[in-house]
Amino acid sequence: MKFTNDLYIASAASWLPDVVSVDEAIAAGLVDDEHRNLGYESIAVADGVAGPEMAVRAGRLALERAVGIERDEVGLVLHSSCGFQGHEMWPAAAYVANETVGPAAPGFDLQQRCNAGLGSLCLAAGYVDAGFTSAVLLTTGDNFAPPWVDRWNVQLNFIFADGGTALVLSGRQGFARVVSATLGADNSLERWNRGTAPFATAPGLEMPLPLRERGLQHAVTPEAEGSWERYEAALMDTTRRALSEAQVGVEDISRVVMPLIHRGVSPENYELLGFTEKQSTWDLGRLVGHVAAGDQFLGLEHLVKQGTVGPGDLVLLVAAGEGFSYSAAVVEILDVPSW
């Protein structure tokens, strides 16, 4: 996506609960053998706080940090999540919008799994660039509590963490400039999270959520052949387009913010794109876990708070979500706020 006008990130914020040591979880019998050596040291686990509540906490902090951006400027709220939001048949985004910027800003829910957060930035970028509003609040929030999901063992290459994140996108000012933003997809991969069971007509019939079992069902079908190659090609294409539109190469990027997913073996996602672990945000991921749709907003906040990026640095944000869909964005750091 090429922008007609300058587009900025005014702030990023998060709210994470206390972490639980993976060793403690292992001792409690919560973690199976396949998930003990992924590289995680601890996981953020909330107690009785729903995803939208965490999103509101992060959203309020992001608005406080967005110096010079008034709440009544925010003309859209996009709330992203991966799962249960506290009530069935309920628009969580309306709650998040009302509790952060007030009753007038439209709120929309996005559920494109772990790509929803960064994907919402790409969608909001077009909305701001077109002049519909001068600012958009983007939030994420999830609680992966039992019995709905077994966070420790639900998929082969990560452990889910709870948390809320937020970002304020502005057409006027910010600490970083969005240089480019792209979306991509390979919808032929959607069955990896659907499996072979027929469609149900009511929720809650499968608990805990059998995501890994669905993947195993699909893995032995002819349709699954070449899936990794298709996944990799779509991820690389989305990222290359973001770099090309920014007129930069991998060598120009200071840090990359990837999903906080770790296989424990090569290639990791950041290695596929040509980056080292030190250039990634895995130093954060190993301590908090995979915060689903919020990894990219959390990672950008982390880089700023740690002081590991400065004016002139380019940061690449990359996301992938089951379905599969992809997002990538290049942002230039203009200033380092004192968060």
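A: Gladly! The structure holds zero disulfides. Keep in mind as we go that this is a predicted model.

Q: Are Cys 82 and Cys 114 buried or exposed?

A: Cys 82 is buried, with 11% relative accessibility, and Cys 114 is buried too, at 6%. Residues under 20% count as buried.

Q: Now to the rings. How many aromatic pairs does the structure hold?

A: A pair of aromatic rings is described by the distance of the centres and the angle of the planes. This structure holds 11 such pairs. One of them joins Tyr 40 and Trp 282, with 5.1 Å from centre to centre and 65° between the planes, an edge-to-face arrangement. That pair links distant parts of the chain, 242 residues apart: Tyr 40 lies in the loop between helix 1 and strand 3, while Trp 282 belongs to helix 8. Tyr 40 is buried at 7% relative accessible area, and Trp 282 is buried at 3%.

Q: Which arrangement do Phe 324 and Tyr 326 take?

A: Their ring centres are 6.4 Å apart and their planes meet at 25°, so this pair is stacked. The angle decides it, because planes under 30 degrees apart count as stacked. Phe 324 is buried at 15% relative accessible area, and Tyr 326 is buried at 0%.

Q: Which residues form an aromatic cluster, and where does the charged end of Arg 57 sit?

A: Phe 144, Trp 148, Phe 158 and Phe 160 make up one aromatic cluster. As for Arg 57, its charged end sits over the ring of Trp 15, 4.6 Å from the ring centre.

Q: How should I read a strand? Which way do the residues of strand 6 point?

A: Follow the side chains along the strand. In strand 6, Ala 135, Leu 137, Thr 139 and Gly 141 point one way, and Val 136, Leu 138, Thr 140 and Asp 142 point the other way. Eight of the eight residues are buried, so strand 6 is largely enclosed by the rest of the structure.

Q: In which sense does strand 6 pair with strand 4 and with strand 7?

A: With strand 4 the pairing is parallel, over six bridges, and Leu 76 stands opposite Val 136 of strand 6. With strand 7 it is antiparallel, over eight bridges; there Thr 140 has Thr 165 as its bridge partner.

Q: How many residues of helix 9 are buried?

A: 10 of its 12 residues are buried, so helix 9 is largely enclosed by the rest of the structure. The buried ones include Phe 297, Leu 300 and His 302. Helix 9 covers residues 295-306 and reaches 16 Å from first C-alpha to last, close to the 16 Å expected. Just after helix 9, Gly 307 takes a positive phi of about 70°.

Q: Finally, what does UniProt place at residues 108-186?

A: An unreviewed UniProt entry gives a domain there, "Beta-ketoacyl-[acyl-carrier-protein] synthase III N-terminal". In the model this span is 18% helix and 37% strand, and its end C-alpha atoms lie 24 Å apart.

Methods
Residues numbered from 1 in each chain as written. Predicted model: local features only at pLDDT ≥ 70, side-chain atom pairs only at ≥ 80, totals over all residues. Heavy atoms only, no water. Helix = DSSP H or I, 4+ residues; strand = E, 2+ residues; numbered from the N terminus. Expected span 1.5 Å × (residues − 1). Buried < 20%, exposed > 50% of the residue type's maximum accessible area, 1.4 Å probe, protein only. Phe/Tyr/Trp six-rings, centres within 6.5 Å; stacked < 30°, edge-to-face > 60°. Lys NZ or Arg CZ within 6 Å of the ring centre and 35° of its normal. UniProt positions renumbered as here; feature names shortened; annotations may be inferred. Disulfide = S-S within 2.5 Å. Pairing = 2+ DSSP bridges.
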